[in-house]
Amino acid sequence: LLLHGDADTTVGQFNLRKLETAIREKGGVVKTKIYPDISHISIIGSLSWIYRDKAPIAQDVDAFFQKH
């Protein structure tokens, strides 16, 4: 599961696409999710109780692992 916020100025979306392609080329399972108005720090912070309501990131991570 690759997560990216479209407001991320730390890591470019091209990095996400390169990693996604590399995983697929090796036969891996990959899902990409881009969140609107979310920064790099907010992606990480959303996994803590402080920013849990910022985006449904924790639920998306859980759903991915439940499925795979």
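Which elements each supply at least two residues of the lining of the largest pocket? I will come to that after some background.

This is a predicted model, in which local features need pLDDT of at least 70, side-chain atom pairs count only at pLDDT 80 or more, and totals for chains, interfaces and linings use all residues. Residues are numbered from 1 along each chain as its sequence is written, and side-chain values use heavy atoms, with hydrogens and water left out.

The protein chain has three helices and two strands. Helices (H or I, at least four residues) and strands (E, at least two) are DSSP runs, numbered from the N terminus. Along the sequence the pattern is β-α-β-α-α. The C-alpha atoms fill a box of roughly 35 × 30 × 15 Å, taken along the principal axes.

Now the pocket. A pocket here is an open set of points on a 1 Å grid over the protein atoms alone, where a 1.4 Å probe fits, with protein on both sides within 12 Å along at least five of seven lines; lining residues have an atom within 4 Å of a point. The answer to my opening question is E1, helix H1 (13–25) and H2. E1 gives the largest share of that lining, four residues. In total 15 residues line the largest pocket, and Leu 2, Leu 3, His 4, Leu 16 and His 40 lie nearest its centre. Its volume is about 230 Å³, counted as the space filled by probe spheres set on the points, which are joined across faces, edges and corners.

Next, burial. Buried means under 20% relative accessible area, exposed over 50%, and partly exposed in between, with a 1.4 Å probe and protein chains only. Of the 68 residues in the chain, 26% are buried. In helix H3 (residues 57–67), the buried ones are Ile 57, Ala 58, Asp 60 and Phe 64. Seen down the axis of H3, these fall within an arc of 165 degrees, so they line one face of the helix; the arc is that of the directions from the axis to the C-beta atoms. Their cover includes strand E1 (2–5), strand E2 (32–35) and helix H2 (40–45), by contact, meaning heavy atoms within 4.5 Å.

Last, the aromatic rings. Rings of Phe, Tyr and Trp (its six-membered ring) pair if their centres lie within 6.5 Å; planes under 30 degrees apart count as stacked, over 60 as edge-to-face and the rest as tilted. The count comes to one aromatic pair. The rings of Phe 64 and Phe 65 have centres 5.7 Å apart and planes at 80 degrees, so the pair is edge-to-face. Phe 64 is buried at 10% relative accessibility, whereas Phe 65 is exposed at 58%.
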